[in-house]
Amino acid sequence: MNEEGNATAGRSSAFVVSARKRKLQKITKSAGESLLFLVAAIVAIIVLFIFYFVARDAIPFFQIRGFSEFFTSSEWYPADDPPRFGALAIIYGSLMVTAGSALIAVPMGIIAAICLSDVLPFSMRQYVKPVIEMLAAIPSVAFGFFALVILAPLLQSFGGPILMWTWWLIATPFLLLAVIVSSELLVMSISDDVRRQQVQRILASAFGIVAILLLFFVGRGLQKIEILTGTNALNVSIILSFMALPTIVSVSEDALQAVGRDMREGSYALGATRAETIIKIILPAASSGILAAVILGIMRALGETMVVWMASGNSSHIPDPWFNYLESVRTLTATIAGDMGEADQVTGSARFHVLFAMGLLLLVISFISNFISERIVVRQRKILSGQ
Amino acid sequence: MKLFKKFVYGAAVFGLMASADAMAAGNKIVMDGSTTVGPIAKAFAAHFTKATGVQVTVSESGSGNGAKSLINKTCDIADMSRPMKDNEIAAAKGKGVNPVENVVALDGLALIVHPSNRINNLSKAQIRGIYMGRFTNWSQVGGPNAPIVMIQRESNSGTQDSFKELVMGKDNPISQRTETQASNGAIKTRVASTPNAIGFVGLGFVDNSVKALLVDGVEPDAKTVKNGTYPLHRALFMYTNGQPTGIVKQFIELPKSAEGKRIISEIGFINYY
């Protein structure tokens with residue numbers, strides 16, 4: 001505005017801006033800029049402040065008790081005399097449910113995002129996406145209540161059949177795909193057409209029989225499993241994956257959409273099918289955005305408290321064997337929420353500070369994963385731009 | 001003109017609300033603490049408000065939090081299902097608060113199992129063995145061949161402290177396989193829906209959805225708790241800062257009145273007075 005005024009000032013007196021007005025404009029401009037800067041700075045400062053205050057109260061714990069007990073022992077008896085603060089099982093529990101939810105939510109979320117952006121017609125997408133995003137609006141305590149009152153008893157009474165049907169639902173399409181692809185790949189080197197088809201048919205039926213047997217026997221094995229307690233790592237992982245899904249779907253769908261129409265049309269013009277376009281062009285091009293979506297979703301699961309506190313069972317031991325999702329676990333967030341009341345500054349100071357140590361650990365974990373994802377995104381961008 | 005009228009009405013309503021609020025400020029009781037004492041506190045509060053017009057707010061955040069609120073002077077009465085600990089009393093004294101113990105009612109700690117469980121009676125030693133993780137299968141205590149799912153309360157629960165003191169003893173830690181739930185109600189919900197579970201709740205929370213076990217052959221009920229034959233019994237407290245006066249004193253003395261006694265036994269607790 002200012003320069004424009006100056007440039008035209010010589011030509012017409014109507015555009016002359018008085019020195020006073022110019023000064024005013026300058027002041028408002030710098031005031032506006034500093035206001036924006038201030039708001040942005042406050043956000044950054046808040047993060048630093050939280051980090052500082054959590055760290056300030058966490059460090060005394062390590063001064064009192066040292067590092068080795070916290071990270072290597074799983075004896076968690078903060079209220080006993082003498083107290084023991086082994087958090088290994090709790091740290092493990094946090095990682096376990098986060099991994100479990102990621103295992104469910106990441107493939108589901110990415111597949112749903114691909115479906116939304118490249119498979120469903122545009123008009124349909126306008127309806128489906130808001131519905132998925134509505135999942136994010138459900139309060140976590142409602143999820144927790146559902147987990148405790150409905151899902152937990154359900155897992156206890158029908159755990160085996162539920163596991164069996166889930167296995168069938170997931171494994172059937174994948175095994176089918178595997179049978180077709182592997183039998184085709186294996187016969188590719190045979191040049192005689194007739195012979196190739198014969199061999200392929202034999203191979204496909206052999207693989208098919210193996211797949212069916214696999215489906216059947218694993219299913220039977222799963223059906224026999226009795227879930228002793230419904231408030232376990234599996235329950236929490238399922239619910240947490242529901243909570244992470246809207247973030248993953250929404251953000252990765254945006255990333256897929258950001259891959260321009262020109263990329264898609266170029267791919268089709270070269271004779272690629274839709275599957276080839278999605279797998280070889282769009283997914284690699286959107287991978288940094290999808291990774292950001294995944295990290296955001298995982299952070300959501302790691303930091304969730306209410307659902308975990310209600311549905312994990314909160315028993316602070318490492319499941320036996322270590323991958324047993326059917327046992328109850330305890331997480332860092334749930335421990336902070338559950339032990340806060342008693343852990344008064346005056347009534348036992350290590351007990352108070354250990355909760356901050358846990359908070360600090362959560363902060364550090366999320367900072368590290370944010371940092372790693374940032375690095376991957378930058379590298380990906382470099383590769384894509386051909387540098 | 002219309003707008004002006006609206007404005008005047010709004011201001012009038014606001015003024016009324018503000019003055020009502022100001023009136024209530026010196027005329028209300030704030031309570032915080034045990035989820036076990038909570039139902040008594042709430043029923044008392046409803047009765048007290050009806051009888052006297054005094055506003056009573058009741059929060060249930062656990063005995064430990066109740067003590068903390070009293071120490072920080074954010075409540076008038078701290079509901080507690082255990083006596084105040086020495087270090088809490090010391091902390092209170094340090095902040096110029098003098099906690100005074102007032103017994104409200106008696107409560108039995110009931111061990112509950114799923115109604116389908118055929119166990120009816122456990123000794124205190126058996127319960128201790130179960131929670132220590134020494135007995136992991138119901139067949140080890142005379143039940144069916146099924147693993148035991150133990151459920152406890154979180155660490156700031158007075159019920160948890162009572163259980164540790166009455167059953168476990170000082171040197172017997174509760175097994176880390178034990179699940180933790182945040183309230184009496186949550187434990188009952190879990191036990192009612194889990195065939196192999198065992199949990200403990202205040203006697204007032206026992207209903208048809210779960211089965212209360214005999215402990216050392218004694219049934220938990222009002223009579224056995226009052227005469228002390230049921231081994232797992234305790235007193236419930238309302239702590240005040242100094243000897244209660246005024247409306248707080250009126251409230252604290254409710255358990256001695258006929259109406260108070262009726263409320264206590266109606267909820268399922270046992271009268272102390």
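Predicted model: local features only at pLDDT ≥ 70, side-chain atom pairs only at ≥ 80, totals over all residues.
**Chain B as a whole**

The secondary structure of chain B comprises 10 helices and 12 strands, and its C-alpha atoms fill a box of roughly 80 × 45 × 35 Å when the box is taken along the principal axes. Of the 273 residues in chain B, 47% count as buried. When the contacts in chain B between residues at least 6 apart in sequence are considered, 72% of them join residues at least 24 apart.

**Where chain B touches chain A**

In the model, 25 residues of chain B are in contact with 28 residues of chain A. On the side of chain B that touches chain A, at least two residues each are supplied by α3 (63-71), α4 (86-94), β7 (179-181) and α7 (184-193) of chain B. Sorted by class, the residues on this side of chain B are 5 nonpolar, 14 polar and 6 charged.

**Helices of chain A**

Helix α4 of chain A runs through residues 88-119, and its 32 residues reach 45 Å from the first C-alpha to the last, close to the 46 Å expected at 1.5 Å a residue. Along its course, α4(A) bends by about 25 degrees at A:A102.

The crossing of α6(A) and α8(A) is right-handed. From α6(A), the contact is made by A:S140, A:F143, A:A147, A:L151, A:A152 and A:L155, while α8(A) contributes A:N235, A:I238, A:I239, A:F242 and A:M243. By class, this contact of α6(A) with α8(A) has 9 nonpolar, 2 polar and no charged residues.

**Backbone features in the loops**

The loop between α11 (306-311) and α12 (332-339) of chain A contains A:P321, and the peptide bond that leads from A:D320 to A:P321 is cis, with omega near -5 degrees. The loop between α11 and α12 of chain A is also the place of A:N314, a residue that has a positive phi of about 55 degrees although it is not a glycine. A:N314 is classed as buried because 27 other C-beta atoms lie within 10 Å, where the cut-off for a buried residue is 20 or more.

In chain B, B:D216 likewise has a positive phi, of about 50 degrees, although it is not a glycine. B:D216 is placed in the loop between β10 (214-215) and α8 (222-226) of chain B, and with 15 other C-beta atoms within 10 Å it is partly exposed.

**Surroundings of selected residues**

The table sets out the counts of other C-beta atoms for several residues.

| Residue | Other C-beta atoms within 10 Å | Class |
|---|---|---|
| A:N314 | 27 atoms | buried |
| B:D216 | 15 atoms | partly exposed |
| B:G185 | 13 atoms | partly exposed |
| A:G266 | 13 atoms | partly exposed |
| B:Q243 | 11 atoms | exposed |

The C-alpha atoms of B:G185 and B:N137, which are 48 residues apart along the chain, are separated by 25 Å. For A:G266 and A:R125, which are 141 residues apart in sequence, the distance in space is 23 Å, C-alpha to C-alpha.

B:Q243 is placed in the loop between β11 (233-241) and α9 (246-252) of chain B. B:Q243 counts as exposed because 11 other C-beta atoms lie within 10 Å, and the cut-off for an exposed residue is 12 or fewer. Although B:Q243 and B:V100 are 143 residues apart along the chain, their C-alpha atoms are separated by 6.3 Å.

How values were computed:
Residues numbered from 1 in each chain as written. Chains lettered and ligands numbered in written order. Helix = DSSP H or I, 4+ residues; strand = E, 2+ residues; numbered from the N terminus. Expected span 1.5 Å × (residues − 1). Bend = angle between axes of the 7 residues up to and from the residue. Contact = placed C-beta atoms within 7 Å. Nonpolar A, V, L, I, M, F, W, Y, C, P; charged D, E, K, R; others polar. Left-handed = near helix turned anticlockwise from the far one by under 90°.
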